[in-house]
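Thanks, everyone, for making the time this morning. Let me put the structure up, and then I will walk through a few places in it.

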Amino acid sequence: MTGFQPLDWLVLVAYGVVLLVTGWMFNRKAAGDTEGFFLGGRKMPVWAVTISVIATALSAATFVGGPQQAYAGNLTYLASNIGGIIAALLVAVLLIPRMYRLGVATPYGLLEARYGRAGRQASAIAFLLGRVMASGARVYMVGIPAALIIFGQPEETQALIPVWQIAAAILAITLVGIAYTLAGGVKSVIWTDVIQMGVFIAAILGAIFVLMNRIPGGIDVVWDTLANAQAPDKTSKLTLFDFSTDLTRPYTIISCCVGFVLLGLASYGMDQDMVQRMLTCKNAAKGSASVIAATIMTVPVVALFMIVGLLLYIFYQRPDVMGNAAPGSQVFDSTRVFLSFILEEMPAGISGLMMAGLFAAGLSSLNSGLNSMSSTVVNDLYREWRSDRSDKHYLAMGRAWVVIWGVVLGTFACICIVWQRSDGQTLIDFALGVMTFAYAGLIGVFLTAMLTSRGSALSAIVSLLTGFLIIFAMNKPAIGLVLSFFEKPIEAGYPVINPSILTIDWIEQSADQSLPLALWSGVWDYAFAWKLTIAAGVSTVICMLGSPDLRQDGAK
């Protein structure tokens, strides 16, 4: 038998009951004010915050995309953690202590002293836009396995899951996430992350154990096979460091030490989804310790998922090694290689545990995203507009915004179905690339504020817009979607929407039909880390053009 069996459903339901019980426990002690709902009363232990940061950073993108990354390529994605660790150290030294000193509830409170209220609010809005895109992409990734469980595997000749099935699954996941987030605020989110991280790790260790027992010959055969195998780019499957200077390769050492440092600074220091957790600690030292510990501990966890991908490569792609133990099915779509293995090859009960681990990752991202966006709206936007209301009123507004953002996230997750399929990237590359839309401008604004005395409210706003527009212009599916409505061909092709599977296809055109935009299309192939570096660099220069004198005018 393949697919979910009764024992799998029992395990998954048991996991759901655990979540309901913990939610009820936190609901009994529901936050009575905004500090409790958004900051947990600043009483959360460092170890719990550390685990929560790890759970948020990994998400369903790692659970589904990590194995895909190694299955289809090599181990170079692991090297991106170099940039994350460097960024975490900078955040721990430069940003977290300053936030605690000023007593702010979001990182955007730091900007008010430099750029005034307008600069702070513009940065908060940029975060909200970016978080919708980043969390929406992760919800989409959870929708893939949820659709497989609810509706079953597609026919073998069909490489893609029907769009409506993923959309229906996204709706169900979003409703669960909204309900749970309303239960107890950020405190319940953090403690749930702790539980979900345990399930997360148990699931991946279970997968490694099963795969190692299914592959004949043991670890020696596995190592020899991988050492002599090549990824599509002709490198070894075991390649960890890529020393290439090719800007189209995503995880070179140069991009890890430049682009991924910027990405880490934005994630850990400028994204309320992460920062909110660090601000729940008792003091700055503990908040800083949590982010450093989290980035270091993330490395071995990600490595486990990459190991699963390498083992899946042998399992599905090397019948010469598997022999009579070779699987009876094939994988047509690498985005669901791990999911296909879970549903078709895992023993009953273990499949349920694995899917519980995946949903743990997905709900962790969704819960934290809803709470952080609600926190930002109330603290950085609504309080400025209605400063005379009671704390009880702000708490009620925070809960209302959880629902509103849940609807928005679910909607964008459905858009991601088309976007990712048109882009053709791996799930991790897609998730990281989506994050850069808002991060580029935020990096420019924060770097200017932290490292210079330049900038104004106006230049900060222009910087945020510029970063977004540059990233948009460097994204082929985004440009293709726009051009498809105007039916304008360019040198790279003629973009049309394929109604049968909802993707943006490109029909080849002759050079005499091209537009000047064709000159720009070469950057579409750049890795997302370099797109972020270019956009963040331009945004920083623009923000620095603002005069400190003009800043005072913008602050009024």
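Does Cys-256 count as buried or exposed? At 0% relative accessibility, Cys-256 counts as buried, where buried means under 20% relative accessible area, exposed means over 50%, and partly exposed is in between, with a 1.4 Å probe and protein chains only.

Before I go further, please keep in mind that this is a predicted model, in which local features need pLDDT of at least 70 and side-chain atom pairs count only at pLDDT 80 or more, while totals for chains, interfaces and linings use all residues. Residues are numbered from 1 along each chain as its sequence is written, and side-chain values use heavy atoms, with hydrogens and water left out.

Staying with the cysteines, a search of the whole structure finds zero disulfides, a disulfide being a pair of cysteine sulfur atoms within 2.5 Å. For Cys-256, the closest cysteine sulfur is that of Cys-257, and at 6.6 Å it is too far for a bond. Cys-414 is likewise in no disulfide, the nearest cysteine sulfur being that of Cys-416, 9.0 Å away; Cys-414 counts as partly exposed, at 29% relative accessibility.

Now the overall picture. The chain has 20 helices and two strands, which are DSSP runs numbered from the N terminus, helices being H or I with at least four residues and strands E with at least two. Of its 556 residues, 59% count as buried. Taking contacts, meaning heavy atoms within 4.5 Å, between residues at least 6 apart in sequence, 81% join residues at least 24 apart.

Next, two helix pairs. Two packed helices are described by the angle between their axes and the distance between the axes; the axes are lines fitted to C-alpha atoms, for helices over the stretch in contact, and angles run from 0 to 180 degrees between N-to-C directions.

The axes of α9, residues 259-270, and α16, residues 427-451, come within 9 Å and cross at roughly 80°. That makes α9 roughly perpendicular to α16, since angles of 65 to 115 degrees count as roughly perpendicular, under 35 as roughly parallel, over 145 as roughly antiparallel and the rest as oblique. The residues making this contact include Phe-260 and Met-270 of α9 and Tyr-439 and Phe-446 of α16. They divide into twelve nonpolar, one polar and no charged, with Ala, Val, Leu, Ile, Met, Phe, Trp, Tyr, Cys and Pro counted as nonpolar, Asp, Glu, Lys and Arg as charged, and the others, Gly among them, as polar.

In the second pair, α3, residues 46-72, packs with α13, residues 337-345, at an angle of about 110°, with the axes 7 Å apart, which makes α3 roughly perpendicular to α13. Here Phe-63, Val-64, Pro-67, Gln-68 and Tyr-71 in α3 meet Val-337, Phe-338, Leu-339 and Ile-342 in α13, and these residues divide into eight nonpolar, one polar and no charged.

Ile-342 comes up again with Ser-351, whose side chain reaches the backbone oxygen of Ile-342 at 2.6 Å. Ser-351 is found in α14, residues 350-385, and is buried, with a relative accessible area of 1%. Ser-351 and Asp-8 are 343 residues apart in sequence, yet 5.9 Å apart in space, C-alpha to C-alpha.

Finally, Arg-249 is found in the loop between α7 (218-227) and α8 (253-257). Its side chain makes a polar contact with the side chain of Asp-242 at 2.8 Å, a polar contact being a pair of N or O atoms within 3.5 Å, where, within protein, one must be able to donate a hydrogen and the other to accept it, and residues adjacent in sequence count only if both atoms are side-chain atoms.
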